[in-house]
Amino acid sequence: MNSFFARNRLSAYLDHSLPRDEAEAVAEAVARDIALSADLRAMKKALTLLQDKGRVPAPTGFQARTMAAVAQQPVPGSQVAWIQRRLRRIPTELIAVVGAAIILLIGLSGREDATKSSPGTPQATAPTIEPEAQEPVQVTVSAETEAQTDTPTATPSTAVVSTPKPKAQDKDGSPPFDPNQPMGFRILHGGDQVLYGIATLADEVGGRVVDVHGKLITPHPLDDVTSFKQLYLVTPASSAETTHKRLHKRSGMAPYPLEGPKPPLTPGEVVFLVEAQM
Amino acid sequence: MSASQELIRGCQTGGQGAFSGVVEAHKDAVYTLCLRALGDAERAEDLAEKVFLAAHQAIIRLDPETNLLHWLLSLAIERVTEPRAASTSGDEIAVVNTVLSELEPPFRMAVILRDVLLLDESAVAEILDIPLGTARSRIHRGRLTMARSLVEKVGE
């Protein structure tokens with residue numbers, strides 16, 4: 001065995017995980033190559049140092065401090081915990097509310113102007129802003145699959161979509177997938193790059209990542225300011241079961257029934273809610 | 001039922017008292033990983049506490065078959081930021097922190113899991129969510145880089 005191959009086996013050699021003949025070949029190479037021998041000695045020394053000095057006990061009082069912090073947290077799964085999660089989203093929602101208020105004020109001022117110009121016909125000056133203000137409400141009635149939607153593109157003939165039947169039990173332990181019951185998944189680990197992971201999953205299953213209005217979301221790193229993101233993964237019905245399993249594996253937690261607003265779907269699509277937190 | 005399963009099920013039915021058992025069982029491993037990854041005791045303690053707080057919120061829905069230690073370590077790894085430059089005081093602990101902090105994050109994590117926490121290669125692969133061959137390669141390259149760095153700092 002030459003030095004190059006032997007060097008690539010030094011780690012396994014030290015772990016005693018090489019087959020006997022291969023270990024002997026590495027030992028021979030080490031014996032005749034000074035540089036290789038130096039690498040082996042240095043690696044042994046580094047491992048000894050790490051194994052002897054690397055592990056340290058948690059500081060005194062760590063457990064008590066941690067449990068005190070835990071005690072101040074709401075009970076997991078409680079309404080308080082639910083509210084706290086939503087409170088973290090206030091900055092985004094606040095901006096939306098302020099924006100809507102500004103639009104409303106502009107609309108009202110326009111109505112006042114129109115009223116001044118034609119005081120006898122107040123109903124005729126309906127502000128044009130109202131349909132916009134109602135858009136989110138229209139979105140919220142969109143259903144989970146095209147079979148149940150009433151979006152303008154749906155026709156009776158396309159409303160029948162062959163979706164997989166719900167299974168009683170999955171072999172890998174994930175909860176059964178029911179195409180008629182959209183689910184939400186919480187992903188509480190994945191670091192700041194978690195949204196890229198979800199976007200990759202969407203690519204792999206032929207789906208897309210959108211907001212509640214159906215607008216495509218560009219993935220970005222989460223940070224301390226935006227550490228939470230709620231998004232929808234829309235997939236073809238044919239890959240929905242796979243997506244369900246992969247999201248469950250990625251989440252590590254049982255999904256929960258998705259209620260409330262959903263993005264508009266086209267025929268043969270299924271939606272999943274993903275709540276990603278850094 | 002394994003100890004890990006008992007702890008998870010206990011938390012899912014018994015509340016905060018049961019969670020104390022999780023902290024007790026795994027605080028040293030989680031803190032060690034945080035310390036060796038960050039190279040700073042204060043930040044490591046803060047991070048370890050955050051890991052347990054996140055675990056407390058999530059464990060209620062955790063699959064009881066999950067390896068609890070591996071899950072906690074993966075939560076910690078996902079929250080680790082770049083290490084602060086380690087001190088150069090010259091003692092052995094400082095040397096450990098220094099050589100580890102010089103490794104690229106993927107190699108640093110693999111070496112910490114394998115050689116500090118003494119987990120086997122398949123556990124390293126599982127925690128880092130990478131194939132076994134990739135885990136072996138990262139462990140080897142991390143060790144070799146660290147060994148050469150150590151020779152430069154303290155001699156043979």
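The model is a predicted one. B:L118 sits in the loop that joins helix 6 to helix 7 (121–128) of chain B. Its phi is positive, about 60 degrees, although B:L118 is not a glycine. Most residues other than glycine have a negative phi.

A:H16 counts as exposed because 7 other C-beta atoms are found within 10 Å, and the limit for exposed is 12 or fewer.

Another loop residue of chain A is A:P219, placed between strand 2 (208–210) and strand 3 (228–236). With 18 other C-beta atoms within 10 Å, A:P219 is partly exposed; a buried residue would need 20 or more. Leaving aside residues up to four places away in sequence, A:P219 is in contact with A:L195, A:Y196 and A:A199. From A:P219 to A:A199 the C-alpha to C-alpha distance is 6.7 Å, while 20 residues separate them in sequence.

In soluble globular proteins, nonpolar side chains tend to be buried together. Here the largest nonpolar core holds 93 residues. Those with the most contacts inside this core are A:I198 and A:V274, together with B:V30, B:C34, B:L72, B:L73 and B:A76. Helix 2 of chain B is the element that gives the most to the core, with 11 residues. On the chain A side, A:V274 touches A:F185, A:I187, A:I198, A:L231, A:L233 and A:L247, again without counting residues up to four places away in sequence.

What does each chain bring to the contact between chain A and chain B? Chain B supplies 46 residues and chain A supplies 40 residues. On the side of chain B that touches chain A, the elements giving two or more residues are helix 2 (16–38), helix 3 (41–58), helix 4 (68–79), helix 5 (92–101), helix 6 (105–116) and helix 8 (132–154). Helix 2 of chain B gives the most to this side, with 11 residues. Sorted by class, the residues on the side of chain B that touches chain A are 23 nonpolar, eight polar and 15 charged.

Conventions: Residues numbered from 1 in each chain as written. Chains lettered and ligands numbered in written order. Predicted model: local features only at pLDDT ≥ 70, side-chain atom pairs only at ≥ 80, totals over all residues. Contact = placed C-beta atoms within 7 Å. Helix = DSSP H or I, 4+ residues; strand = E, 2+ residues; numbered from the N terminus. Nonpolar A, V, L, I, M, F, W, Y, C, P; charged D, E, K, R; others polar. Core = buried A, V, L, I, M, F, W, Y, C linked by C-beta atoms within 7 Å.
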